[in-house]
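Visitor: I have a structure to read. Could you take me through its features, one at a time?

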Amino acid sequence: MPVFSPASLTETTASIFAAAGMRVDEARVVAELLVEANLVGHDSHGVIRIPQYLGQVEAGDIVPDAAVEVVHEAPTLAVLDAHWGFGQVAMSRGVDMALEKARATGMAAISVRQANHVGRLGSYVERIAEETAVALMFVNGAPVCRMAPWGGREARHGTNPIAMAFPSRSGPPVVLDMTTSAVAEGKVRVQRNRGAEVPDGWLLDAEGQPTNDPNTLYADPPGTILPLGGSLGHKGYGLNVAVELLAGALAGAGCLAQDRRFRNGALLLVLDVEKLVGLDAYFAEADTYIDFVKSAATAPGVKAILMPGDSERAIAEKRKVEGIFIEDETWAQIVASAAKVGVEVSG
């Protein structure tokens, strides 16, 4: 299993995307965000996506040098059209605009449409929280359906993630990043590439029966991912519907019933803490609350109470030392895909 430093993996990834037709600076944006996902333990949103993206470029579904267009703008909002470019490029532009507008007016709403996969949501909202603002982000993906509705066995939904981040003065931001399905599709893909089964509660086969075989999701007919919540999956299903309407209908990106090329739609909301309540007042409440939660007695076998985002930071510190591990099957796919754009990589 190849092991890489974050810096070397970023350089390799950036060189592959630049060879595929991206501008050098934008190729680095995508590379840094993919490798950051690996670094914090979300391999599902890391370099495993390189073959997928290059395949989409080859098929014409991603325009590698597309320019992000601001199609509508007001003091507190903007609508961005990625013109089928890389989602990470468009979303990073959206974060910059959201922070600028929130600083000026106190809040901002940014929508992104016609973008490819935006990657790990936590990267964007954490960056905003580090600038003493609160971020909420909703993303849908169409036209690929992966999740069955509550009570169904045929996919009608995407995994529809949500992310939120809150600044803290006494520690790092609190970062919630989760799908409204039981699991992200990419995590099923990672298990498939590792030749491993998925845990109970992730998947149904095409007949609606529980399965631990990750290949079921990609079969013909395909299986489905379950809604978040297990026996209370109606709650995850409800959240999924809300995200679809926020990121698809309200953001103008289109909902799943529309049969078009793959895209992510995103709605990003940013609230400036200073203008809304004042930094001192906010931190007094937020940090006291965080300390209170962490002071809870732990259950047997649990070392400490963690806040959302803490486990990712612990993994990142470990991988900075030990390196980032890429399973053999994923690396073989990356090597083969890179060769198609004239880049020779080894590991």
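Visitor: Which residue stands opposite Val70 in S3?

Guide: Leu80 does. First, some ground rules. This is a predicted model, where local features need pLDDT of at least 70, side-chain atom pairs count only at pLDDT 80 or more, and totals for chains, interfaces and linings use all residues. Residues are numbered from 1 along each chain as its sequence is written, and side-chain values use heavy atoms, with hydrogens and water left out.

Visitor: How do strands join into a sheet?

Guide: Strands of a sheet pair through backbone hydrogen bonds, either parallel or antiparallel. Two strands count as paired if DSSP finds at least two bridges between them. Here S2 and S3 are antiparallel, with five bridges.

Visitor: In what order do the seven strands of the open sheet come?

Guide: The order is S2-S3-S4-S11-S5-S6-S7, and the pairing is mixed. Strand S2 (69–74) and strand S7 (174–179) are at the edges. Each has a single partner strand, so one side of each lacks a neighbour in the sheet. On average, neighbouring strands of this sheet are turned by 10° against each other, direction ignored.

Visitor: Which helix packs on this sheet?

Guide: Helix H5 (residues 121–129) does. Contact means heavy atoms within 4.5 Å. H5 touches strand S5 (133–142), strand S6 (161–166), S7 and strand S11 (263–272). The direction of H5 makes about 20° with that of S6. For such angles, axes are lines fitted to C-alpha atoms, for helices over the stretch in contact, and angles run from 0 to 180 degrees between N-to-C directions.

Visitor: How many bridges join S5 to S6?

Guide: Four, and the two strands run antiparallel. Phe138 has Ile162 in S6 as its bridge partner. S6 and S7 are also antiparallel, over six bridges. There, Ala163 is partnered by Asp177 in S7.

Visitor: What is the order of the three-strand open sheet?

Guide: S9-S8-S10, with antiparallel pairing. Strand S9 (210–211) and strand S10 (224–225) are the edges, each pairing on one side only.

Visitor: Now the rings. How many aromatic pairs are there?

Guide: Rings of Phe, Tyr and Trp (its six-membered ring) pair if their centres lie within 6.5 Å; planes under 30 degrees apart count as stacked, over 60 as edge-to-face and the rest as tilted. This gives five aromatic pairs. Among them, Phe4 and Trp331 have ring centres 4.5 Å apart and planes at 45°, so this pair is tilted. Phe4 is in strand S1 (residues 3–4) and Trp331 in helix H11 (residues 328–340), so the pair ties together parts 327 residues apart in sequence.

Visitor: Are Phe4 and Trp331 buried or exposed?

Guide: Both are buried. Buried means under 20% relative accessible area, exposed over 50%, partly exposed in between (1.4 Å probe, protein chains only). For contrast, take Glu58 in helix H3 (residues 50–59). Its relative accessibility is 62%, so Glu58 counts as exposed.

Visitor: Which residues do ring pairs link into a cluster?

Guide: Phe17, Tyr53 and Phe86. Phe17 and Phe86 are both buried.

Visitor: What sits over the ring of Tyr218?

Guide: The charged end of Arg192, 4.3 Å from the ring centre. A charge sits over a ring if NZ of Lys or CZ of Arg is within 6 Å of the ring centre and within 35 degrees of the ring normal.
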